[in-house]
Amino acid sequence: MPSASSAAAAPLFARHPENPIVVPGLYPWRRAVTFNPGVLLDDDGRFYLYERTAGQLRPFHCFIGMMESDDGVHFTHTRDKPVFTPAMAGSEYGSVQDPRLAKIDGVYYMTYAFRPYAWSSHPTGVGVPESHESDFPGVERAPIDASSGSKNVQGARPDNMTRSGIAVSRDRVTWEHLAWATPPDLDDRDVILFPEKVNGRFALLRRPLQWVGPDYGDTLGPSIWLSYSDDLHTWTDAELVAKAEYGWEDNRIGGSTPPIKTEAGWLVFYHGVQTEDASVKRVCYRMGALLLDLNDPTRVIARTSRPLMEPETYYEKFGAYIPNVIFPTANVVKDGLIYLYYGVCDTAIALATAPLDAVLHEVMGG
């Protein structure tokens, strides 16, 4: 495997000079952080951004707010309240996270991660924050049942796994929960709908955290999987799409942005996480890319061996929550240019652009 020092980012994506383009503040529910957005470029030519926000870190309740823009850079809020909340997903004590957007057959869909009871986080400034389950009035912490056969994640109780849901809207503003895409006893996030049906079925990227180890292949860590559905409620057994292959993704990989359909295949950006110092939970999030077959997205046509982006600027290396993070969650294409929206250090939102043709050329081996 190449070392981290050999994984130099290719200079394809140009960071916007006004980065970060969206920052915390203004309303109490986004006072602490805003990051990991979903973005739509709709038929009216406007950009619609759905931000993950939090007003505090303890407890780390996250909400989804809505903004819009004429140019994809300067965004203003559509509403002064969140358009999707933990209560709308089923628990006022919870957290809704990392929206990804798709418009399919005239209907707007938002995939999101959901934790029923928000954790509390204590950033260390050097790595992944120290976190623990929060106390809520009248809510008894469920004991962890070691005999249940369920692989526990990060000390979480079994009824507080992060599962993924699908919300639906007809007007981009009014959202309601539609269905669960993953089971409640599995930590399964980075769930992303393809922007159109594949062979007549909905297609969904996933990243189940527990599907690792000898049961799934001796060297398999958290990876990218794919499921299909006819109705968004019942999903097929997941099929493996890609696993970590390089040193800069030795911790895990996961889908980042909704696939972009091209003549060459589905262009999918993904995040690779590298452990740099396990003793202080220091990691680095970078971005790579896959090209998947249009008719069989489990078949990888091409893949970048080195990251297309990695933390370089101050706002990508230092932040309120976790350092050294580039985490793309949205991309749109306008006039042949990819607008890539990404969270930086789980603190703010940045924008980078690149010509679609140049990116495809790089992914396919130059």
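This is a predicted model: local features need pLDDT of at least 70, side-chain atom pairs count only at pLDDT 80 or more; totals for chains, interfaces and linings use all residues.
The protein has 366 residues. Its secondary structure consists of 3 helices and 23 strands. Along the principal axes, the C-alpha atoms occupy a box of roughly 55 × 50 × 45 Å. The radius of gyration is 19 Å; a compact globule with 366 residues would have a value near 21 Å, so the two agree. Buried residues account for 58% of the protein. Contacts were also sorted by sequence separation. Among those between residues at least 6 apart, 57% join residues at least 24 apart.

The largest nonpolar core contains 25 residues. Phe13, Leu267, Phe269, Tyr342 and Val359 touch the most other members. Five elements each supply at least two residues of this core: the strands β18 (265-277), β19 (282-292), β22 (337-344) and β23 (348-355), and the helix α3 (356-363). Val359 illustrates how these parts meet. With residues up to four places away in sequence set aside, Val359 touches Leu12, Phe13, Leu267, Phe269, Leu308, Ile338 and Ala354. Three of these partners, Phe13, Leu267 and Phe269, are themselves named with Val359 among the residues that touch the most other core members.

Beyond its neighbours within four places in sequence, Val22 contacts Arg30, Thr34, Leu49, Glu51, Met67, Phe75, Ala348 and Ile349. Pro259 is 237 residues from Val22 along the chain, and their C-alpha atoms are separated by 23 Å.The second largest pocket has a volume of about 420 Å³. Its lining comprises 17 residues, and those closest to the pocket centre are Leu40, Leu41, Pro195, Asn331 and Val332. Four strands each supply at least two lining residues: β2 (33-41), β6 (95-104), β17 (260-262) and β21 (326-334). Strand β21 gives the most, with 4 residues. By residue class, the lining of this pocket divides into 12 nonpolar, 1 polar and 4 charged.

Rolling a probe the size of a water molecule over the atoms shows where empty space is left. The count comes to 1 cavity of 30 Å³ or more. The largest cavity has a volume of about 40 Å³. Its lining is formed by Gln97, Asp98, Arg100, Thr111, Tyr112, Ala113, Ser164, Arg189, Asp190 and Val191. Strands β6, β7 (107-115) and β12 (188-193) each give two or more of these residues. The cavity lining divides into 3 nonpolar, 3 polar and 4 charged residues. Strand β6 also supplies at least two residues to the lining of the second largest pocket.

Most residues other than glycine have a negative phi, and most peptide bonds are trans. Asp98 has a positive phi, near 50°. This residue is found in strand β6 and is one of the residues lining the largest cavity. Asp98 is buried, with a relative accessible area of 10%. Asp346 also has a positive phi, near 50°. Its place is the loop between β22 and β23. Asp346 is buried, at a relative accessible area of 15%.

One joins Asn19 and Pro20, with omega about -10°. Pro59 lies in the loop between β3 (47-54) and β4 (62-69).

Methods. Residues are numbered from 1 along each chain as its sequence is written. Side-chain values use heavy atoms; hydrogens and water are left out. A nonpolar core is a set of buried Ala, Val, Leu, Ile, Met, Phe, Trp, Tyr and Cys residues joined through side-chain atoms within 4.5 Å. Buried means under 20% relative accessible area, exposed over 50%, partly exposed in between (1.4 Å probe, protein chains only). Contact means heavy atoms within 4.5 Å. On a 1 Å grid over the protein atoms alone, a cavity is a set of points where a 1.4 Å probe fits but cannot get out, and a pocket is an open set with protein on both sides within 12 Å along at least five of seven lines; lining residues have an atom within 4 Å of a point. Grid points are joined across faces, edges and corners, and a volume is the space filled by probe spheres set on the points. Ala, Val, Leu, Ile, Met, Phe, Trp, Tyr, Cys and Pro count as nonpolar, Asp, Glu, Lys and Arg as charged, and the others, Gly among them, as polar. The radius of gyration is taken over C-alpha atoms; the globule rule is 2.2 Å times the number of residues to the power 0.38.
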